[in-house]
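Please look over the structure shown here before reading the briefing that follows. The notes begin with the overall fold and then move to selected side chains.

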Amino acid sequence: NANGFTFLHSNTDCKTAILYLPYAWMTKHTLYTTHDPVPHKKPSLFRELVRHKLLYKVLKHHLFLSDALVEIFCKKYNVPKERIHYSRLSVYEFLRYYKVTFNKFGKYLLFFGRIDHYKGVDLLIDAYEKSEARKNGLKLVIAGRGHIAHDKTKLVDDIILLNRYIENDELANLIHHCSFVVLP
């Protein structure tokens with residue numbers, strides 16, 4: 001209140017959380033977007049302490065993007081369900097406002113998003129290399145930033161790797177031209 005804040009919304013639980021925790025104590029209304037309610041990888045002791053002992057206790061409300069892990073989250077961090085709110089991810093409607101350009105890949109399957117082990121991209125590559133889709137001329141486009149466990153030099157020619165942040169206009173184009181979006 002001393003700083004004029006009436007609402008605090010955060011979507012990070014990293015080291016910067018310590019910087020805004022004092023404001024969370026002083027602010028009547030707080031909301032935390034909990035993107036990964038249960039970490040995919042074992043977090044560092046520091047991160048887990050910040051989450052468990054400080055962040056999830058101080059911030060009064062949590063915004064979840066799905067209801068898949070609510071039970072586990074509430075039990076693990078002792079957060080009452082009444083403090084959980086939802087904004088479920090849905091169709092990427094905003095992408096329709098981007099101009100569609102030339103299809104530079106032909107027929108393809110598309111994976112897009114953060115590339116990490118838990119997303120199953122390595123399983124997708126293995127499955128694609130053995131699939132009928134490949135034999136029928138469908139390529140595989142993997143679009144997003146992250147680490148691929150496969151040796152990139154051994155990927156088949158039909159796999160197109162765009163290992164970088166994908167801007168909205170490019171994403172709109174990739175989705176528009178693909179045959180399927182694959183979520184392994």
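## Overall picture

Among contacts in the protein between residues at least 6 apart in sequence, where contact means heavy atoms within 4.5 Å, 59% join residues at least 24 apart. The model is a predicted one, in which local features need pLDDT of at least 70 and side-chain atom pairs count only at pLDDT 80 or more, while totals for chains, interfaces and linings use all residues. Residues are numbered from 1 along each chain as its sequence is written, and side-chain values use heavy atoms, with hydrogens and water left out.

**Fold and surface**

- The protein holds six helices and eight strands, where helices (H or I, at least four residues) and strands (E, at least two) are DSSP runs numbered from the N terminus.
- Read from the N terminus on, the order of these elements is β-α-β-α-β-α-β-β-α-α-β-β-α-β.
- Of the 184 residues of the protein, 37% count as buried; buried means under 20% relative accessible area, exposed means over 50%, and partly exposed lies in between, with a 1.4 Å probe and protein chains only.
- The accessible surface of the protein comes to about 11,800 Å², of which carbon and sulfur atoms hold 58%; such areas come from the Shrake-Rupley method with a 1.4 Å probe, and for residues only the protein chains shown count as cover.
- Tyr92, Phe94, Tyr97 and Tyr98 form a nonpolar patch on the surface, with about 450 Å² of accessible area together; patches are made of residues with over 30% relative accessible area and no salt bridge, with like charges joined within 9 Å and nonpolar side chains (Val, Leu, Ile, Met, Phe, Trp, Tyr) within 5 Å.

**Aromatic pairs**

- The count of aromatic pairs comes to three, where rings of Phe, Tyr and Trp (its six-membered ring) pair if their centres lie within 6.5 Å, and planes under 30 degrees apart count as stacked, over 60 as edge-to-face and the rest as tilted.
- The ring centres of Phe64 and Phe73 are 5.0 Å apart and the ring planes stand at 75°, so this pair is edge-to-face.
- Phe73 and Tyr77 form a tilted aromatic pair, at 5.3 Å centre to centre and with 50° between the planes.
- Because Phe73 and Tyr77 are four residues apart in helix H3 (residues 70-77), about one helical turn separates them.
- Phe64, Phe73 and Tyr77 form one aromatic cluster; both Phe64 and Phe73 are buried, Phe73 with a relative accessibility of 0%, and Tyr77 is also buried, with a relative accessible area of 0%.

**Salt bridges**

- A search of the whole structure finds four salt bridges, a salt bridge being a side-chain nitrogen of Lys or Arg within 4 Å of a carboxyl oxygen of Asp or Glu.
- One of them joins Lys81 and Glu71, whose closest N and O atoms are 2.2 Å apart.
- Lys81 lies in the loop between H3 and E4 and Glu71 in helix H3, so the pair ties together parts that are ten residues apart in sequence.
- Lys81 counts as partly exposed at 43% relative accessibility, whereas Glu71 is exposed, with a relative accessible area of 52%.
- Arg134 and Asp158 also meet through their side chains in a salt bridge (3.2 Å, N to O).
- Since Arg134 lies in helix H5 (residues 132-135) and Asp158 in the loop between E6 and E7, the pair ties together parts that are 24 residues apart in sequence.
- Arg134 is partly exposed, with a relative accessible area of 29%, and Asp158 counts as partly exposed at 23% relative accessibility.

**Glu170 and helix H6**

- Glu170 lies in helix H6 (residues 168-177) and is buried, with a relative accessible area of 19%.
- Arg164 forms a salt bridge with Glu170, the closest N and O atoms being 2.7 Å apart, and Arg164 counts as partly exposed at 35% relative accessibility.
- Not counting residues up to four places away in sequence, Glu170 touches Leu162 and Arg164.
- The buried residues of H6 are Glu170, Leu171, Ala172, Asn173 and Leu174, and what covers them includes E5, strand E6 (139-143) and strand E7 (159-162).
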